[in-house]
Amino acid sequence: VGSPVVLGIESSCDETGAGLVREGRLLGHAVASSMADHARFGGVVPEIAARAHVHSFTPVVHEALDRAGLRMTDIGAVAVTTGPGLSGALHVGLAGAKTLAYSLGVPLYGVHHLAGHVAADTLEHGPLPDPCTVLIVSGGHTSLLLVRDLARDPIVHLGDTVDDAAGECFDKAARVLGLPYPGGPAVDRAARDGDPRAVAFPRPLTGPRDSRHDFSFSGLKAAAARWAERHRVRGAEVPVADGAAALQEAVADVLTRKAVAACREYGVGTLVVVGGVAANSRVRALAAERCRAAGVALRVPPPRLCTDNGAMIAAVGDLLVRAGAEPAPLDVSIDPSAPL
Ligand code: KG4
Ligand code: ZN
């Protein structure tokens, strides 16, 4: 009989995602983003995101099925993000997932969004070793996690950002440097021609008395703004490439230093880095360098699986199904601030 095809639904923020996974294998997925609709507001507008999910839900599910060469009736289980995320956005995905599960007569599984990000890597590199340390870095998250068995054990939350996410820091710093949106890729490109030692930007929360596993990035944005302003008041041109390189170095340094230190502290042999910021060239290079020096194996999934998608939710659903986990009742609710 084998295990069923699991449909995963993601709608916690501005991406509507649907993915199909069976026995750890990605069969097909599709993502629609409402990012462009939020651009003129400078951030995700919850009401607009929720409405976009209503429009995208059905087309995205059909597109994922088409790409997998499957039909609706091939779906054997449905997994859906229940939180954390924007409540209106989560409601749309959950309502759609419940409707599908009920009408197809298949079990429904609620999935924690961060567990999805972690599981994304299994679709590329196979089962995760137990334990592993995971660094999730995107525009919305900066979390350091200790993961054992995704289907059975709760994830241990080691630390988080106390203010801005790492991606948010790149996006805001790009703005003060006069670089285009989205800022992360623009900083990455500009940094190629810069000197990372040109500016001594701070390394927040790395002092001996600071939280070992928490992050802070709002001060870096302010430091970049002050640095750019010092040039402008003199009527001098801002050396943008140097600023970008130095800022990127500061973020990459703090992220990789703390992630590798957590591996050492807990005796963990594998670090997984996921999220949009995992695409950053300096974050990748420094993570590789420091992992090699610490004897830690590094896993980074491809960018399309790093950003929000339905395949990662299906991946968790597939693990739950195969572990014999109890399905969610049809009156399961969203949990916008779900703890791990
Ligand atoms: O995971 P993601 O696509 O979306 C969510 O935040 O959910 O992450 C987007 C973030 C943005 O802040 C973007 O600027 C950043 O990831 N990003 C990068 C790079 N590519 C994307 N940051 C630094 N360097 C990059 N190459
Ligand atoms: Zn996410």
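Start by selecting residues 5–10, strand S1, together with strand S2: the two pair in the antiparallel sense over 5 bridges. (Strands are DSSP runs of E, at least two residues, and helices are runs of H or I, at least four, numbered from the N terminus; two strands pair if DSSP finds at least two bridges between them.) What you're looking at is a predicted model, where local features need pLDDT of at least 70, side-chain atom pairs count only at pLDDT 80 or more, and totals for chains, interfaces and linings use all residues. Residues are numbered from 1 along each chain as its sequence is written, while chains are lettered from A and ligands numbered from 1 in the order in which they are written.

Now click Gly-8: its bridge partner in S2 is Gly-19. A hairpin with 4 residues links S1 to S2.

Move on to residues 25–33, strand S3, which pairs with S2 in the antiparallel sense over 8 bridges. Here Gly-17 stands opposite Val-31. In the hairpin between S2 and S3, pick Glu-23, which takes a positive phi near 45°.

Finally, zoom out and colour domain 1 (5–121 + 305–322) and domain 2 (130–301), with bounds from an automatic or database domain assignment. Their centres, taken over C-alpha atoms, are 27 Å apart.
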